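Trainee: I have a new model open and want to learn how to read it. Can you take me through it feature by feature?

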Amino acid sequence: MLSRFFILLALLTFFMSLTANELKNFNLGVGYYSLQLYDEAETYDSDRFNGISLSASYMFTNRIALRGNYYSLSQSDFAYSDVDGWEVLALFGNGLATQGGKWYVGGGYFNEQWEGTPGSDTFNGLQLGGGFGYNWETIALEMQLSLRDTGDYDDTLGTQTTDIDTAGVLAVILSARF
C-alpha cells in the first residue's frame, strides 16, 4: 500500500513538472530538521535531535542544484544536548527550478559540533539522500531524507558491544524562490 502511494506521488510529480515554465534559480528557506541515530542491537537507545534549519539552494539548471543547510538541534534525554552543524549537497533531479512538482537525489558532506555533559565532539562525513516537493510561483515546500556515514558517530558513541548502525536525517523546508 505504501509503495503504491510513493509510485503515485512520483508519477504525479513527474507529470506536474511537464507544465513548468519560468526558471527561478535561487531558494532561501527555513525548516524543521531531525537527526536520528539507530543501534540495531538495541543496547544503545536510538536518539533523535530536533530543531530548525536555514537553507540556501542554487539551481544551475532545472536538473542540477547545489544546497547548503545550517541546523541547530537539541535533545534532552541524552548526555549530548545541543548539535550545531552544516551540510553541502549536490542534487540531481527534475523540476528543481520551475513551477510544479520536483524530485531529486544527491550526496554531500556534513560537519557538526555536539555539546553536552561529557564535553564537545565534532562529527563529519559523507551522506546520500533525496527528496521531493512542489514549487509555487514564489515559495517552495519539500521534504529531504538522507542517510549518513556512521564512522565518526560509531568511533565516539559506540562501544565494544554496540555500534551506531544508521544515521538518518529528515528535513522539511519552506523556501522563498528568486
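Trainee: Let's begin with Glu142 and Lys102. Are they buried or exposed?

Mentor: Keep in mind that this is a predicted model. Burial is judged by relative accessible area, and under 20% counts as buried. Both Glu142 and Lys102 are buried. For Glu142 the relative accessible area is 2%.

Trainee: What links Glu142 with Lys102?

Mentor: Start with the general idea. Side chains of opposite charge can pair when their charged atoms come close. Here Glu142 and Lys102 form a salt bridge, with the closest N and O atoms 2.8 Å apart. Glu142 sits in strand β7 and Lys102 in strand β5, 40 residues apart, so this pair links distant parts of the chain.

Trainee: How many salt bridges does the structure hold?

Mentor: It holds 5. Another one joins Lys24 and Glu137, whose closest N and O atoms are 3.4 Å apart. Lys24 lies in the loop between α1 (2–17) and β1, while Glu137 lies in the loop between β6 (119–135) and β7 (139–148), so the pair ties together parts that are 113 residues apart in sequence.

Trainee: Is Lys24 buried or exposed?

Mentor: Lys24 is buried, at a relative accessible area of 11%.

Trainee: What else does the side chain of Lys24 reach?

Mentor: Look at the backbone as well. The Lys24 side chain reaches the backbone oxygen of Glu137 at 2.7 Å. Then list the contacts, leaving aside neighbours within four places in sequence. Lys24 touches Met59, Ala97, Glu137, Thr138, Arg177 and Phe178.

Trainee: In what sense do β2 and β3 pair?

Mentor: Check direction, then partners. Strand β2 (residues 47–59) pairs with β3 in the antiparallel sense, over 10 bridges. Asn50 stands opposite Ser74 in β3. The two strands form a hairpin, with 4 residues between them.

Trainee: Now the nonpolar core. Which residues touch the most other members?

Mentor: The general idea comes first. In soluble globular proteins, nonpolar side chains tend to be buried together. The largest nonpolar core here has 17 residues, and Leu35, Leu37, Leu73, Trp114 and Tyr153 touch the most other members. The elements giving two or more residues to this core are β1 (26–38), β3 (64–74), β5 (100–116), α2 (151–157) and β8 (166–177). The largest share, 4 residues, comes from β8.

Trainee: What lies apart from this core?

Mentor: Another core, of 7 residues. Among them are Leu89, Leu91, Leu96 and Ala97. You have met Ala97 already, as one of the contacts of Lys24.

Note on methods
Residues numbered from 1 in each chain as written. Predicted model: local features only at pLDDT ≥ 70, side-chain atom pairs only at ≥ 80, totals over all residues. Heavy atoms only, no water. Core = buried A, V, L, I, M, F, W, Y, C linked by side-chain atoms within 4.5 Å. Buried < 20%, exposed > 50% of the residue type's maximum accessible area, 1.4 Å probe, protein only. Salt bridge = Lys/Arg side-chain N within 4 Å of Asp/Glu carboxyl O. Pairing = 2+ DSSP bridges. Polar contact = N/O pair within 3.5 Å; in protein donor to acceptor, adjacent residues only side chain to side chain. Contact = heavy atoms within 4.5 Å.
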